[in-house]
Amino acid sequence: MKNLILVGFMGTGKTTVGVALADSLGIAHKDLDHAIIEEAGCSIPELFARHGEAYFRDLESRLLQQLLDNGPQVLTTGGGAVLRKQNVEVMLAKGTVIALHASEEELIRRLENDTSRPLLAGGVAERVRTLLAERAGAYDFAPIQVDTTGKSLQAVVDEIRAQVVESAEDGQQ
């Protein structure tokens with residue numbers, strides 16, 4: 001089995017789905033943001049405050065490469081991991097990429113009380129709308145696309161599993 005890499009905008013359910021998907025497949029789950037926190041020795045908001053977004057993105061790219069060399073696993077990424085072309089290339093080369101989506105309204109609802117995301121500072125609804133516009137198309141490279149809006153966790157996991165099997169069968173033909 002290849003690495004399964006979950007990408008998508010913040011609040012789409014990557015970590016929650018990733019843990020459940022890994023459990024259902026009996027493989028490890030790794031979270032890129034948790035690896036960054038462990039490596040940096042501080043929270044992501046602290047890392048942004050101390051060193052800025054560019055430093056964070058450099059660390060994210062380095063750890064993404066390292067983690068993908070240790071598969072098979074389900075790897076969940078931060079919403080901005082796809083902003084660097086090199087990250088997209090390594091994800092496509094080292095696994096099957098699955099993009100999770102949710103409606104704007106659903107994302108705002110899920111994120112409205114989350115204070116752990118530095119990119120949402122200054123008003124969640126406005127920042128979500130702005131970032132969605134800036135990132136339009138950023139997740140389209142993923143061969144598997146799943147909308148999580150209004151779906152149960154089990155339904156999302158089942159949909160991903162079905163598409164991963166179908167994708168693997170298509171690749172063998």
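Here is a chat between two colleagues about a predicted model.

Biologist: Hi! Before we dig in, what kind of model is this?
Modeller: This is a predicted model.

Biologist: Thanks. Which residues have the most contacts inside the largest nonpolar core?
Modeller: Those are Val7, Phe9 and Met91, in a core of 34 residues.

Biologist: And which elements give two or more residues to this core?
Modeller: The list is β1 (3–8), α2, α3 (44–51), α4, α5 (85–94), β4 (95–101), α6 and α7. With six residues, α4 gives the most to this core.

Biologist: What does Val7 touch, leaving out residues up to four places away in sequence?
Modeller: Val7 touches Lys14, Thr77, Val82, Met91, Val97, Ile98, Ala99, Leu100, Tyr139, Phe141 and Ala142. There is also a second, separate core of 15 residues, and Val17, Ile27, Leu100 and Ile144 are included in that one.

Biologist: On to helix packing, then. How do you describe two packed helices?
Modeller: By the angle between their axes and the distance between the axes.

Biologist: Okay, at what angle do α2 and α4 pack?
Modeller: Helix α2 (residues 32–40) and helix α4 (residues 53–68) pack at about 110°, and their axes are 10 Å apart. That angle makes α2 roughly perpendicular to α4. The crossing of α2 past α4 is right-handed.

Biologist: Which residues meet there?
Modeller: From α2 you have Leu32, Asp33, Ala35, Ile36, Glu39 and Ala40. On the α4 side they meet Phe56, Leu59, Glu60, Arg62, Leu63, Leu64 and Leu67. The contact of α2 with α4 divides into nine nonpolar, no polar and four charged residues.

Biologist: What about α4 and α5, at what angle do they cross?
Modeller: The axes of α4 and α5 cross at roughly 5° and come within 10 Å. So α4 is roughly parallel to α5.

Biologist: And which residues of α4 and α5 meet?
Modeller: Glu60, Ser61, Leu64, Gln65 and Leu68 in α4 meet Gln86, Asn87, Val90, Met91 and Lys94 in α5. By class, the contact of α4 with α5 has four nonpolar, four polar and two charged residues.

Biologist: Next pair! What do the buried residues of α6 pack against?
Modeller: They pack against α7. The buried residues of α6 are Glu106, Leu107, Ile108 and Leu111.

Biologist: How do the axes of α6 and α7 cross?
Modeller: They cross at roughly 135° and come within 10 Å. The two helices α6 and α7 are therefore oblique to each other.

Biologist: A couple of single residues now. Where is Gly123 found?
Modeller: Gly123 is in the loop between α6 (104–111) and α7 (124–134). With a relative accessible area of 33%, Gly123 is partly exposed.

Biologist: Last one: is Asp23 buried or exposed?
Modeller: Asp23 is exposed, because its relative accessible area is 61%, and the cut-off for exposed is over 50%. Asp23 is found in helix α1 (residues 14–25). Asp23 and Val74 are 51 residues apart in sequence, and 9.4 Å apart in space from C-alpha to C-alpha.

Methods. Residues are numbered from 1 along each chain as its sequence is written. This is a predicted model: local features need pLDDT of at least 70, side-chain atom pairs count only at pLDDT 80 or more; totals for chains, interfaces and linings use all residues. Side-chain values use heavy atoms; hydrogens and water are left out. Helices (H or I, at least four residues) and strands (E, at least two) are DSSP runs, numbered from the N terminus. Buried means under 20% relative accessible area, exposed over 50%, partly exposed in between (1.4 Å probe, protein chains only). Contact means heavy atoms within 4.5 Å. Axes are lines fitted to C-alpha atoms, for helices over the stretch in contact, and angles run from 0 to 180 degrees between N-to-C directions. Angles under 35 degrees count as roughly parallel, over 145 as roughly antiparallel, 65 to 115 as roughly perpendicular and the rest as oblique. A crossing is left-handed if the near helix is turned anticlockwise from the far one by less than a right angle, and right-handed if clockwise. Ala, Val, Leu, Ile, Met, Phe, Trp, Tyr, Cys and Pro count as nonpolar, Asp, Glu, Lys and Arg as charged, and the others, Gly among them, as polar. A nonpolar core is a set of buried Ala, Val, Leu, Ile, Met, Phe, Trp, Tyr and Cys residues joined through side-chain atoms within 4.5 Å.
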